[in-house]
Amino acid sequence: MSVNAPNREDAARALDRLQVTRARSKRGRLRLLWLLVGPGILVMLGENDAPSMLSYSATGSQFGIGFFVPFVIVTFMMAFVAQEITVRLGAVSKAGHAELIYRRFGRFWGNFAMIDLLFTNVLTLITEFVGIVAGAGYFGVPSYAAVGGALAVMAAAFMSRRYWSFERIALLLALCNLVFVPVALMAHPDWGAVGHSLLTWSPIPSGFGSQTVIILLADIGATITPWMLFFQQGAVSDKGLSVRDIPQGRIDTAIGALLAALAAIACIIATAPLFVHHMNAGQFGAAQFAQALVPYIGQFGGALFAFGILEAGLVAAIAIATSSAYAFGEVTQQAHSLNRSFKEAKSFYLVLMAVAAISGSVVLIPGFPLEFVVLMVNVIAVLTMPPAIGFLLLLVNDREIMGDHRSGWFLNGLGLFVGVFVSLAGLLYALTVIFPSLHV
Amino acid sequence: MATNQLELGESALLGNLRLTDVCERPDLIEQTLKEHRNTQGRIQAVGRRTLGPWLKATIWGLRVYVLFMTVVVIINIVHTV
């Protein structure tokens with residue numbers, strides 16, 4: 001890029017960096033944090049998407065307050081371990097995840113990673129629109145209007161022409177995920193049971209049959225998925241975080257994990273009355289959960305729950321479509337930044353909106369097995385995770401890319417633990433499918 | 001920090017800069033994004049890494065895992081439907 005011909009992307013990023021430098025020079029820690037937070041909170045709350053909230057609802061309604069409450073906290077700790085690596089990779093390399101995989105491992109392995117990403121992204125995006133339609137349906141909004149409205153909100157966020165503006169709009173929407181906290185309070189939970197479950201991890205579900213394992217896997221898939229790695233590294237790079245900003249990037253990710261865990265636990269607690277009153281919620285969709293909860297949390301609570309599912313779908317649709325477009329731009333070496341105008345990055349924005357529009361259209365097809373896709377999408381996300389963690393660990397230990405910012409033995413140990421845990425959870429699932437009578 | 005201030009110019013650090021102002025200061029953009037540009041140049045010079053037999057086996061193992069799990073998911077779908 002010639003000094004005489006700065007493009008808009010460079011100018012926007014330079015402006016953001018100048019503000020960061022100014023905050024740092026004035027020792028304005030809160031201002032600095034405010035400027036640098038975003039990708040971590042967005043990715044974590046974005047992952048609390050429609051199928052994730054439905055998984056937590058299924059967990060609460062089928063198992064009540066018990067083992068899964070502390071388990072969800074552990075899954076978010078594991079998500080933090082994986083996402084922290086993307087902060088360092090993005091800040092040190094200023095490159096996206098797909099770009100680094102292609103660069104270091106070649107097209108053969110890069111294509112595999114992209115197939116995993118696009119397959120899970122399209123499936124997940126469809127389920128986000130299922131959540132949007134179901135949530136809007138609770139308020140009497142027709143399906144086509146819900147899909148159209150969601151696409152319009154997404155377009156408005158993407159067309160802000162500044163990564164910063166996009167991030168703040170998406171963050172504002174993402175914080176609505178915390179709507180599940182008041183819903184949980186309306187359910188008048190037994191706080192003694194909540195405290196007991198956190199301390200003792202009990203009651204434990206009796207017999208880990210295939211249904212329990214699917215819920216277990218769905219809850220893991222509700223916190224750790226491939227698109228998160230691609231999105232956060234792309235966002236860190238697009239935001240222009242530098243090596244000096246890594247501590248704030250970590251705080252950002254930790255805040256995101258904390259808020260997302262809070263919303264997830266709130267969702268389990270909110271739906272626990274269905275377990276207490278022995279309601280069979282195994283095949284419930286979003287709207288049915290909201291309806292079924294009305295006797296326990298009131299009309300307003302039911303409406304808040306439905307709004308929460310709608311919002312979860314919308315934020316995740318924004319984040320997942322962005323992760324697909326980042327990866328596409330990185331692999332095809334086309335302009336891929338939210339700091340660019342539509343004219344400057346046509347393919348980036350077209351991929352963004354095309355992926356969203358196609359997924360939204362699928363939801364409108366009569367007879368499409370939506371509930372089944374919702375059930376399986378988090379499971380599939382977990383099953384594609386081990387290679388993604390493998391590449392993540394290889395990249396973060398790559399001396400040529402990371403230099404002194406490679407992971408030490410402790411961080412590598414944690415990363416390996418996450419990879420092994422996810423792989424074993426997948427194998428447990430395989431065992432229960434191949435041997436349906438198996439109870440662990 | 002003082003060096004940074006000098007490098008970027010007092011006006012850039014103390015004044016209220018807007019995007020249009022920055023667009024008119026290509027020198028400021030270049031200075032500010034120097035680290036970004038250097039890193040991008042460094043990364044673009046990095047080529048493919050050599051995959052040893054153990055590394056190849058690990059990556060293939062993870063790929064076989066995904067293929068196996070895909071079959072398992074299909075079995076599950078067939079059983080459920």
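**Note on the predicted two-chain model**

1. Chain A has a mean pLDDT of 87, with 95% of its residues at 70 or more.

2. Chain B has a mean pLDDT of 79, and 79% of its residues reach 70 or more. Among the elements of this chain, the mean pLDDT is highest in H5(B), at 90, and lowest in H1(B), at 44.

3. As for the pairing of the chains, the model scores ipTM 0.81 and pTM 0.88. The contact between them takes 42 residues from chain A and 36 residues from chain B. On the chain B side, at least two residues each come from helix H1 (2–8), helix H2 (10–14), helix H3 (19–23), helix H4 (26–32), helix H5 (34–45) and helix H6 (53–80), and H6(B) gives the most, with 11 residues. By class, the side of chain B that touches chain A has 22 nonpolar, eight polar and six charged residues.

4. A reader may wish to set two of these points side by side: H1(B) is one of the helices that supply at least two residues to the side of chain B that touches chain A, and H1(B) also has the lowest mean pLDDT among the elements of chain B.

Methods:
Residues numbered from 1 in each chain as written. Chains lettered and ligands numbered in written order. Predicted model: local features only at pLDDT ≥ 70, side-chain atom pairs only at ≥ 80, totals over all residues. Contact = placed C-beta atoms within 7 Å. Helix = DSSP H or I, 4+ residues; strand = E, 2+ residues; numbered from the N terminus. Nonpolar A, V, L, I, M, F, W, Y, C, P; charged D, E, K, R; others polar. pLDDT = per-residue confidence, 0-100.
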